Structures are given as structure tokens and as C-alpha cells.
Amino acid sequence: MTAVLEVSNIRKSFGGITAVDGVSFDVQEGEILGLIGPNGCGKSTLFNCILGQLTPNGGEVKVDGKVVTGLRPSELNRLGVSRTFQLLQVFPKLSVRENLILAGQEHQGSMLSRLFGPSDAGLTEAADQMIGFFKLDHLATEPAGGLSYGQQKLLDAAMAFMGGPRLVLLDEPAGGVNLTMLADLRERLAAINREKRATFVVIEHNMEFVMSLCSRVLVMAEGKVLAMGRPDQVCANPAVIEAYLGH
Amino acid sequence: MTCFPRSLRIALGIIAVAGLIVVPMNFNRYGLFILSQWAVMTIAAMGLNLTLGYAGQVSLAQGAFVGIGAYAAAIMTSQGLPLIAALGVAIVLCFTIGWLLGYPALRVQHHYLAFVTLAFSTLAFLVFRNEDWLTKGIYGISNIPRPNILGFPTNRPLPFYYLCLGSLGIVSLAVWWLIRSPWGRAFVALRENPIRALSLGIDTRRYTLMAFAIGSALGGVAGALYAPLTQYIDPVPFHLSLSLDLLMMVIIGGAGFFFGPFVGAMIAVLLPEWLRFTQGYYLMLYAVAVILLLIYSPTGILGILDRFLAERRTKIASARRAAKSSLEAAP
């Protein structure tokens with residue numbers, strides 16, 4: 001097994017507040033790592049540092065053994081690192097299919113081939129497969145803005161998988177999704193993980209979702225790593241119970 | 001527009017194009033001038049629509065690019081060079097300057113960007129006015145020749161109108177291709193959510209610069225037609241007010257709609273002419289009409305149509321669902 005993602009000693013502060021304070025961990029190929037912790041403990045900031053949305057004050061990020069710290073998010077994405085955001089980020093005026101084509105179009109060909117080539121960049125079929133996989137078939141031509149919240153959340157996740165990424169960072173994929181759809185989402189994520197050997201890091205507050213999906217869980221508190229281990233180990237850890245899970 | 005059947009859309013298109021070719025045959029010199037001006041301004045507004053409407057980058061410099069194109073054409077054709085060469089120079093020049101003007105947009109957005117482009121607009125105007133050796137300053141350049149196209153002279157108003165219309169046709173096809181290509185999709189992504197676009201691998205920097213460069217190049221094309229249309233240019237028409245007029249055309253027609261600039265330019269160029277019978281009041285009436293329109297529909301005239309079509313689509317869809325469920329309910 002090789003580490004797909006290695007994070008060492010990442011630090012990020014905003015003014016006097018240190019949001020991420022020397023976090024190190026690695027994620028093995030095919031693993032689903034859960035990232036939990038109370039609100040404001042630095043989970044999303046850590047994501048943003050890993051993905052180049054923010055420049056860390058210190059530390060290093062490696063993807064497949066290659067240092068990627070300082071790369072722009074678009075460059076990182078074309079290396080096979082994809083993400084979703086905490087808040088919904090679909091393009092409301094584009095149709096569901098167009099959203100997915102957009103998510104995949106920059107992963108192939110050159111700038112010029114995208115101008116003079118076919119208008120769907122040859123991705124209609126791939127997009128429709130993804131639509132089928134996430135059970136959005138009847139909505140393919142609907143503008144994404146007209147979908148329900150849960151459906152948009154599924155689309156948001158589907159978009160992250162369009163480029164065939166090696167590593168996907170999901171920021172609260174289950175937030176605001178109803179129970180039926182949640183089960184769907186979990187099952188889809190597990191399937192992609194199995195079939196495509198895609199590696200995930202998942203931020204989530206829904207404990208049941210995390211514990212059933214993830215093979216390992218990292219708990220953050222006040223910008224630091226509080227605990228890391230199998231879900232059952234983490235749940236039994238007194239420090240974690242104190243800081244996060246509650247008695 | 002997705003609601004109209006394809007055949008109806010094609011028929012409407014053919015009627016519109018045929019109308020634009022046939023009807024003006026009976027127009028007088030002035031009518032043809034106004035219509036040619038409409039075609040030229042539509043080209044410039046299409047460029048701005050690309051930058052502003054699709055890619056979401058505010059620009060108050062489109063008028064300056066029309067000016068650059070016009071001066072390039074005026075200077076070169078008065079030296080006896082062919083218009084097509086001047087057109088090439090205008091495109092390359094405006095593309096390059098537009099690309100450079102895009103750099104501030106990588107750092108600032110919205111009204112800050114508006115100010116940066118406004119400053120550029122003023123700079124261009126000062127160059128047109130003060131650099132006498134190149135532009136003949138406030139005296140302007142007169143006797144700008146009209147070109148021969150494939151051996152046909154376009155000195156008379158009707159052939160020149162056809163030249164403008166033909167150019168508009170070519171530009172329209174090119175822009176249509178562009179916005180339907182993955183680039184067009186990337187421009188929309190840039191406008192709607194640049195952070196998400198970046199996380200999907202879209203090089204927002206390069207697309208922003210491209211949106212500026214291509215939009216500006218179309219301003220240059222319009223300018224290269226404007227000079228032989230009026231046959232005399234001085235700095236005044238390329239003042240900031242032209243940029244504001246073009247901005248208004250895009251907004252009134254409907255920013256981000258393909259046909260927005262056509263409608264917007266028609267209103268900005270033709271409506272003041274139609275309102276002339278009200279004599280001294282026509283500019284006031286025009287201003288009031290614009291204000292009322294934007295209160296009623298901030299997304300412009302095509303925004304009204306779009307809303308109407310979307311409502312109709314929803315109604316049809318829900319009627320279909322109702323019919324389906326009543327069918328299922330029946331034994």
C-alpha cells in the first residue's frame with residue numbers, strides 16, 4: 001500500500017488565531033478517512049490548505065509522493081485531486097448534464113481542442129453514466145438550480161467524480177440530506193471506493209454516516225490532531241468523548 | 001428559447017435574415033446609415049456580452065476598443081492599405097490590449113474592476129485626442145475610403161450596409177460556436193462560481209484573460225467597420241459615453257443571452273430615432289423607458305422572454321405529471 005496523500009505539519013493562522021496547528025497524517029490508497037471534530041476546529045481550513053485554496057504558513061502536502069504545496073486548485077485537480085464544498089456548489093443555470101460535462105472537460109485535450117472540438121467535449125456518455133450511477137436520470141436536462149437540496153448534493157458529489165480522480169475530499173456530504181437519500185449517498189460513495197479504488201477523505205458531523213463508511217477516523221480539536229484510529233477505537237477514546245462526542 | 005420547436009426557430013431565423021436583407025432595399029441613405037450603425041454596435045455589444053454577460057467581468061472599456069479599431073482602420077486605409085489588413089491589425093491589437101487589461105481582473109472584481117477599465121477608457125481617449133502625429137487629434141481623420149469587396153465597391157450606402165450585415169453574420173456564427181463550446185461553459189462557470197470552477201480544474205486565470213481578449217477583439221472589429229461607415233472619425237464618439245452606451249445595450253437586451261446585444265443595440269440605436277417626433281422630449285422619454293424596463297426586468301428584455309418560457313415549461317411539465325398520475329390512479 002502506498003500513501004496517496006501525505007500531510008505533514010500543516011499550519012495556518014488568520015491574524016492571531018491559529019486555525020490549523022501542525023497537523024500530520026497520511027491516507028492509504030483505497031482508504032476512506034473520516035475527519036471529525038467540533039465546529040471551528042479547523043477541518044475545512046485544513047481541506048483548503050491541502051487543496052491550494054489557502055496557502056499554509058508551514059508544512060507540506062504530498063500526493064502520490066509528489067510535493068504539491070503551492071499548486072493552484074485547478075492544477076491539483078488535473079493531477080487527480082477533487083473536492084466538494086460544505087455549502088452547495090453546483091452551477092444553477094446549467095443543466096445537470098452540463099454541470100457534469102463542465103466538471104470533466106478540463107481533464108482532457110488542450111485549450112485549443114476544447115475550442116474547436118465538439119461542444120460536449122465528448123463527455124455526454126460519461127456524464128450520463130454518472131447521472132445513472134447517482135440515480136438522477138429523469139433530471140439530466142433540468143437546470144441544476146431547480147433540483148431539490150438533496151438532489152443537488154448528489155450532483156455536487158457526482159461532479160467531484162467526473163474527472164476520474166484518485167483522491168476526493170468531501171466536505172460534509174451528508175449535511176442537510178434526508179435519511180433515504182443519505183443511505184443512497186453512502187452506498188454510492190462506498191461503490192465508487194470499491195470499484196474505482198478512489199481514496200476519500202470525508203468531513204462529516206453525522207456520526208453514524210462516518211462510522212459506517214470510514215475505515216479510519218481522525219479527530220481534530222482546536223487545530224490539532226486529537227486522536228486517530230479505527231472508528232470503534234476513536235469512539236472509546238476518553239479524550240474524544242470529552243471534546244466532541246459528549247457523555 | 002428551448003421551448004420553441006427547432007423548425008419554428010429555424011423559420012424565425014430565416015425570416016429575420018431575409019427581412020434584414022430585403023426590407024432595407026427601399027431605405028433612404030439615412031435609414032441605411034442607422035441600420036449599418038445597428039449592425040456595427042451589435043458586434044461591439046456582442047464582444048462586451050461575452051466579457052460581461054457570459055464571463056461576468058465588468059468592463060467599461062469596450063468603447064475604447066471600438067476607438068482603437070476605428071483608428072487602426074482609418075490610419076491604415078487612408079494610407080491606401082486594404083480594409084481587410086486593417087481589420088487584422090485591429091483584431092490583433094485589441095486582442096493583445098484586451099488580454100493585458102484582463103490582468104487587473106485577476107485581482108479585482110465588480111466595481112473595482114469597473115474603475116480599472118474606466119481608467120483605461122480615459123487613457124485611450126487621451127491618446128486619441130493628444131497624439132496628433134498619429135490620430136490628427138481633435139481635427140480627426142476625414143475621407144476614410146470604403147473598401148472594395150471581391151471587386152465590388154461599397155461606396156454607396158446599400159452595399160456598405162450589406163458589408164456590415166455580412167460581418168455581423170460571421171461574428172454571430174463565431175460567437176455562437178464559442179459559447180456552445182467548452183469555453184462558453186467555462187466562461188459561465190467563471191461568472192457563477194469561480195472558486196468551484198477552480199476546484200474542477202478550470203484554469204480561471206486563462207479563461208478570464210481570454211474573455212477580455214476576445215470581447216475586446218470584437219470591439220476592434222466593430223471599430224474597423226465604424227471608420228469606413230462614418231468616413232470621418234475624431235476622438236469624441238469614443239469617449240467613455242460609448243462604453244456606457246454599449247454596457248446599456250448589453251444590460252437592456254439581456255446580459256448572458258445570445259440575442260441580447262441584437263435587441264439592446266436595436267433599442268439604443270433605433271428607439272431614439274423613433275422617439276424623435278416628441279421633439280425635445282425624446283431623450284427624457286428614452287431615459288424613463290430604460291428605467292421602467294430595468295425595474296420591471298433587471299435581466300433585460302430577453303430576461304422577460306426567458307421568464308415567460310420557463311413558466312410555460314413548468315406548467316406543461318406539471319400538467320404532464322398530473323395527467324400521468326391520473327392515468328395511474330385509473331384502474
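1. In α3(A), the buried residues are Val96(A), Arg97(A), Glu98(A), Asn99(A), Leu100(A), Ile101(A), Leu102(A), Ala103(A), Gly104(A) and Gln105(A) (buried: 20 or more other C-beta atoms within 10 Å of the residue's own, with C-beta atoms placed from the backbone). Helices (H or I, at least four residues) and strands (E, at least two) are DSSP runs, numbered from the N terminus.

2. This is a predicted model, in which local features need pLDDT of at least 70 and side-chain atom pairs count only at pLDDT 80 or more, while totals for chains, interfaces and linings use all residues. Residues are numbered from 1 along each chain as its sequence is written, and chains are lettered from A and ligands numbered from 1 in the order in which they are written.

3. Because 10 of the 10 residues of α3 (96-105) of chain A are buried, the helix is largely enclosed by the rest of the structure. Its buried residues pack against α4 (111-116), α5 (124-133) and α6 (149-161) of chain A, and against α8 (182-192) of chain B.

4. Strand β3 (residues 32-36) of chain A has five of five residues buried, so it too is largely enclosed by the rest of the structure. Ile32(A), Gly34(A) and Ile36(A) point one way, Leu33(A) and Leu35(A) the other.

5. β3(A) runs parallel to β8 (residues 199-203) of chain A, joined by four bridges (strands pair if DSSP finds at least two bridges between them). Four bridges also link β3(A) in the parallel sense to β9 (residues 216-221) of chain A. Leu35(A) stands opposite Ile203(A) in β8(A) and opposite Leu218(A) in β9(A).

Note on methods. A residue is buried if 20 or more other C-beta atoms lie within 10 Å of its own, exposed if 12 or fewer, and partly exposed in between; C-beta atoms are placed from the backbone. Two residues are in contact if their C-beta atoms, placed from the backbone, lie within 7 Å.
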